[in-house]
Amino acid sequence: MSRVLIEFRKVRRTFKVGSTNINACNNLSFVINDGEFCLILGPSGSGKTTILNILGGMDSPDDGAVIVNEIDISHFSQKELTNYRRNDIGFVFQFYNLMPNLTALENVELASEVNTNKSLNPSDTLDKVGLKERKNNFPSQLSGGEQQRVAIARAIAKNPDILLCDEPTGALDFESGISVLKLLKDTCKTYHKTLIIVTHNQALKQIADHVITLHNGSVAHQEYIDEPLDIEDIVW
Ligand SMILES: Nc1ncnc2c1ncn2[C@@H]1O[C@H](COP(=O)(O)OP(=O)(O)O)[C@@H](O)[C@H]1O
Ligand SMILES: [Mg+2]
């Protein structure tokens, strides 16, 4: 039996733009189990990035609770949030966000230096994501798919429990996108990480264990999938 790792409990996050209030999270509640591959699906503007920012300790809700590992992170101090971001969360972004003046290896080393977990060896982690021969290349010398592999290695090397991915295939061609998704899924199953991918790409909804569909900052639909499709079997 899996245990609950993450719970959003009636979370609200409102942005004021001029005189308009935008409810990016609108009484939002869901749970995610430990070790799960959870896909959060929704169109642009439905609140996906806001959820990841809150769960990643980069933003806080206006109301409600965000429980991670039985602790409510919504009242964390700045210092507690910093430690949480460093130790508990790995982030993978649409546009990779690598440091352009550092090599692949240096990018991974930098991330694993700031945390207090037992980090994985940066060089070994790059081997595992298929970049054994490219460690000394700068990001500009790598393809988009290769840069995303470096970003995944960087997120995994600091050995967090949770991997948050914001449209990780959004900037990639189909083939590279499939291979990055496969790498994310395989890596998280191997290292027993909880994987959360947010996307607007409907084609991905068959590959996860749990799919949460958003509409205007609330859960519109949820599904648990007993036998997810192999990633090679989807197209978009
Ligand atoms: N910092 C912000 N200031 C004002 N509005 C914001 C801010 N962040 C997000 N929003 C608004 O909140 C809604 C949800 O945004 P977001 O979480 O980025 O959605 P998604 O990632 O699904 O596209 C959108 O209407 C967006 O314009
Ligand atoms: Mg977004």
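**A hairpin, a ligand and some salt bridges**

Mentor: Start with the hairpin of β9 and β10, where 2 residues sit between the strands and N216 takes a positive phi near 50°. Keep in mind that this is a predicted model.

Trainee: How many bridges join strand β9 to strand β10, and which way do they run?

Mentor: There are 6 bridges between β9, residues 210–215, and β10, residues 218–224. The two strands run antiparallel.

Trainee: What is the bridge partner of L214 in β10?

Mentor: L214 pairs with V219.

Trainee: Back to that phi. Why point out a positive value?

Mentor: Most residues other than glycine have a negative phi. N69 is another case, with phi near 55°. E167 also has a positive phi, about 45°, and is not a glycine.

Trainee: Where is N69?

Mentor: N69 lies in the loop between β4 and β5, the latter being residues 71–72. N69 is partly exposed, at 32% relative accessibility.

Trainee: And E167, where is that found? Buried or exposed?

Mentor: E167 is in the loop between β7 (162–166) and α6 (174–190). E167 is buried, with a relative accessible area of 10%. The cut-off for buried is under 20%, so E167 qualifies.

Trainee: What about contacts to the oxygen atoms of ligand 1? Let's start with G45.

Mentor: G45 uses its backbone. One of its backbone N or O atoms lies 2.7 Å from an oxygen atom of ligand 1.

Trainee: And the side chains of K48 and T50, what are their distances?

Mentor: An N or O atom in the K48 side chain is 2.8 Å from an oxygen atom of ligand 1. For the T50 side chain, the distance from an N or O atom to a ligand 1 oxygen is 2.6 Å.

Trainee: How much of ligand 1 does the protein cover?

Mentor: The protein covers 62% of it. That is out of the 560 Å² of accessible area ligand 1 has on its own.

Trainee: While we're on α1, where does N53 sit?

Mentor: N53 is in helix α1. N53 is partly exposed, with a relative accessible area of 25%. Its C-alpha is 9.3 Å from that of L164, a residue 111 positions away along the chain.

Trainee: Switching to charges. How many salt bridges does the structure hold?

Mentor: The structure holds 10 salt bridges. One of them joins the side chains of R13 and D59, at 2.9 Å from N to O.

Trainee: Which parts does that pair tie together?

Mentor: R13 lies in strand β1, and D59 is in the loop between α1 and β4 (63–68). So the pair ties together parts that are 46 residues apart in sequence.

Trainee: Are those two buried or exposed?

Mentor: R13 is buried, with a relative accessible area of 14%. D59 is buried as well, at 18%.

Trainee: What distance separates K132 and D127 in their salt bridge?

Mentor: That one is 3.8 Å, N to O, between the side chains of K132 and D127. K132 is exposed, at 53% relative accessibility. D127 is partly exposed, with a relative accessible area of 27%.

Trainee: How far apart are the closest N and O atoms of K135 and D127?

Mentor: They are 2.7 Å apart, and the two residues form a salt bridge. K135 is buried, at 13% relative accessibility.

Trainee: Which residues are joined into one network by salt bridges that share partners?

Mentor: R13, D59 and D62 are joined that way.

Definitions and conventions
Residues are numbered from 1 along each chain as its sequence is written. Chains are lettered from A and ligands numbered from 1 in the order in which they are written. This is a predicted model: local features need pLDDT of at least 70, side-chain atom pairs count only at pLDDT 80 or more; totals for chains, interfaces and linings use all residues. Side-chain values use heavy atoms; hydrogens and water are left out. A polar contact is a pair of N or O atoms within 3.5 Å; within protein, one must be able to donate a hydrogen and the other to accept it, and residues adjacent in sequence count only if both atoms are side-chain atoms. Accessible areas come from the Shrake-Rupley method with a 1.4 Å probe; for residues, only the protein chains shown count as cover. A salt bridge is a side-chain nitrogen of Lys or Arg within 4 Å of a carboxyl oxygen of Asp or Glu. Helices (H or I, at least four residues) and strands (E, at least two) are DSSP runs, numbered from the N terminus. Buried means under 20% relative accessible area, exposed over 50%, partly exposed in between (1.4 Å probe, protein chains only). Two strands pair if DSSP finds at least two bridges between them.
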